[in-house]
Amino acid sequence: MSSNAEVRPPLPPFTRESAIQKIRLAEDGWNSRDPERVSLAYTLDTKWRNRAEFANSREEAKAFLTRKWAKELEYRLIKELWAFTDNRIAVRYAYEWKDDSGNWFRSYGNENWEFDENGLMAHRFACINDMPIKESERKFHWPLGRRPDDHPGLSELGL
């Protein structure tokens, strides 16, 4: 369980505005590609399913993220609200990356998130599909790190 000292606003119950804010904070964290920083958004006993891989703690999630970003180079992510309720948020997302051979991919997915009362993610269930793309088909061109506020989102990009 999370400690009382760990609080990650915005807190549930979510409004449309606070759900969108929570999603953007998650996107920003993942675009940092910093497993330590990102792992702090999850409860100590978080439960994940990511493709066929499962994580059952913050430490396992951090190890997963370390492996992920060692493989998925030039990683850039956009998340968008799909639905929300009291302490749950559903998102759709796409991210672009290349492998160590220079092959580019766009990965499409959906996630279901459940948060504890302190705003830490207790459950994360992700479904993801990878599509090979040509470098010329890339749509995410900002410098590595946070997506600029004026960069189009998924809907604006037709994704």
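1. Lys68 and Glu72 form a salt bridge, with 2.6 Å between the closest N and O atoms; the term denotes a side-chain nitrogen of Lys or Arg within 4 Å of a carboxyl oxygen of Asp or Glu. Lys68 counts as buried because its relative accessibility is 8%, and Glu72 is likewise buried at 4%. Here buried means under 20% relative accessible area, exposed means over 50%, and partly exposed lies in between (1.4 Å probe, protein chains only).

2. The structure is a predicted model, in which local features need pLDDT of at least 70 and side-chain atom pairs count only at pLDDT 80 or more, while totals for chains, interfaces and linings use all residues. Residues are numbered from 1 along each chain as its sequence is written, and side-chain values use heavy atoms, with hydrogens and water left out.

3. Side chains of opposite charge can pair when their charged atoms come close. How many salt bridges does a search of the whole structure find? The search gives 19.

4. One of these salt bridges joins the side chains of Arg51 and Asp130, at 2.4 Å from N to O. The pair links distant parts of the chain, 79 residues apart: Arg51 belongs to the loop between strand E1 (42–50) and strand E2 (53–55), and Asp130 to strand E6. Helices (H or I, at least four residues) and strands (E, at least two) are DSSP runs, numbered from the N terminus. Arg51 is partly exposed, at 31% relative accessible area, as is Asp130, at 37%.

5. A salt bridge also connects the side chains of Arg67 and Glu53, at 2.0 Å from N to O. Arg67 lies in helix H3 (residues 58–71) and Glu53 in strand E2, so this pair ties together parts that are 14 residues apart in sequence. Arg67 is partly exposed, with a relative accessible area of 44%; Glu53 is partly exposed as well, at 31%.

6. Where is Arg147 found? Arg147 is in the segment after strand E6 (121–133), and it counts as buried because its relative accessibility is 8%. A polar atom of the Arg147 side chain lies 3.2 Å from the backbone oxygen of His151. Leaving aside residues up to four places away in sequence, Arg147 touches Arg24, Glu27, Asn31, Ile78, Trp142, Pro152 and Gly153, where contact means heavy atoms within 4.5 Å.

Notes
Polar contact = N/O pair within 3.5 Å; in protein donor to acceptor, adjacent residues only side chain to side chain.
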